[in-house]
Amino acid sequence: MATSQLTASSVSVSARNLSSFEGLRPSSVKLASLRSGVSLSHRSFRSLVVKAATVVAPKYTSIKPLGDRVLVKIKVAEEKSGGGILLPTSAQSKPQGGEVVVVGEGKTIGNNKLEISVMPGSQVIYSKYAGTEVEFNGTNHLILKEDDIVGILETDDIKDLKPLNDRVLIKVAEAEEKTAGGLLLTEATKEKPSVGTVIAVGPGAPDEEGNKKPLSVSPGSTVLYSKYAGNDFKGSDGVNYIVLRASDLMAVLS
């Protein structure tokens, strides 16, 4: 994804506004100087990188993805909370979904041509850091590989997601409320669960012959998965879900 780098010469930074930069991905930018009135070390600013869309000039009227790439129109971020409270830009969560606009011709595996499995008009969910953002006709789009699409949304609820390839949709188990000794845990001390119930599975990733081998887990299985894998979502029912690759599953529990 294209990046624009912020330096001290182009951005006026005050101490009380530093919190607005929390969560920005670090890079190797070094600030040569700071404006007067701010007594902070260079280490405090190790790197500020803001993601920005590549702007396609108006003279270009169409985009045709190549190979197994897909052009997705990004869903607009929610500007209000569920209770109707207007959210500031810093609090608006980055969308991880959108509508497929056009797809490439697919890819060749061995002697087999594998077509794209999503169709234009499909509502899809994609990996958080996938693709390159492009501003086209005044609207933000994303060009990404088909394999970066985790599933197709057939309704507005994540629990109805149809996983693609070797992805698995899991309903995350609730965190333990108490320790083994019976002590109540606070929200801050509750350990993130890495156990859940399989809700849906994809058809499997294509092999060298282009065939898709069924996954070894099925809906209803209780599984243990890698703690830092996948993409987390919250359903309309308030339940936490995660979508990850089958290779990130470590065991079936019974």
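Lys159 is partly exposed, with a relative accessible area of 35%; here buried means under 20% relative accessible area, exposed over 50%, and partly exposed in between (1.4 Å probe, protein chains only). This is a predicted model, in which local features need pLDDT of at least 70 and side-chain atom pairs count only at pLDDT 80 or more, while totals for chains, interfaces and linings use all residues. Residues are numbered from 1 along each chain as its sequence is written, and side-chain values use heavy atoms, with hydrogens and water left out.

Lys159 forms a salt bridge (a side-chain nitrogen of Lys or Arg within 4 Å of a carboxyl oxygen of Asp or Glu) with Asp160, the closest N and O atoms being 3.7 Å apart. Asp160 is also partly exposed, at 28% relative accessibility.

The structure holds four salt bridges. In another of them, Asp166 meets Arg245 at 2.9 Å, N to O. Asp166 lies in the loop between strand 12 (161-163) and strand 13 (167-172) and Arg245 in strand 17, so the pair ties together parts that are 79 residues apart in sequence. Strands (E, at least two residues) are DSSP runs, numbered from the N terminus. Asp166 is buried, at 15% relative accessible area, whereas Arg245 is partly exposed at 24%.

Arg245 also forms a salt bridge with Asp147, their closest N and O atoms lying 2.7 Å apart. Salt bridges that share partners join Asp147, Asp166, Arg167 and Arg245 into one network.

Elsewhere, strand 4 (residues 69-74) pairs with strand 5 (residues 97-103) in the antiparallel sense over five bridges; pairing requires that DSSP finds at least two bridges between two strands. Within this pair, Val72 stands opposite Val100.

How values were computed
Helices (H or I, at least four residues) and strands (E, at least two) are DSSP runs, numbered from the N terminus.
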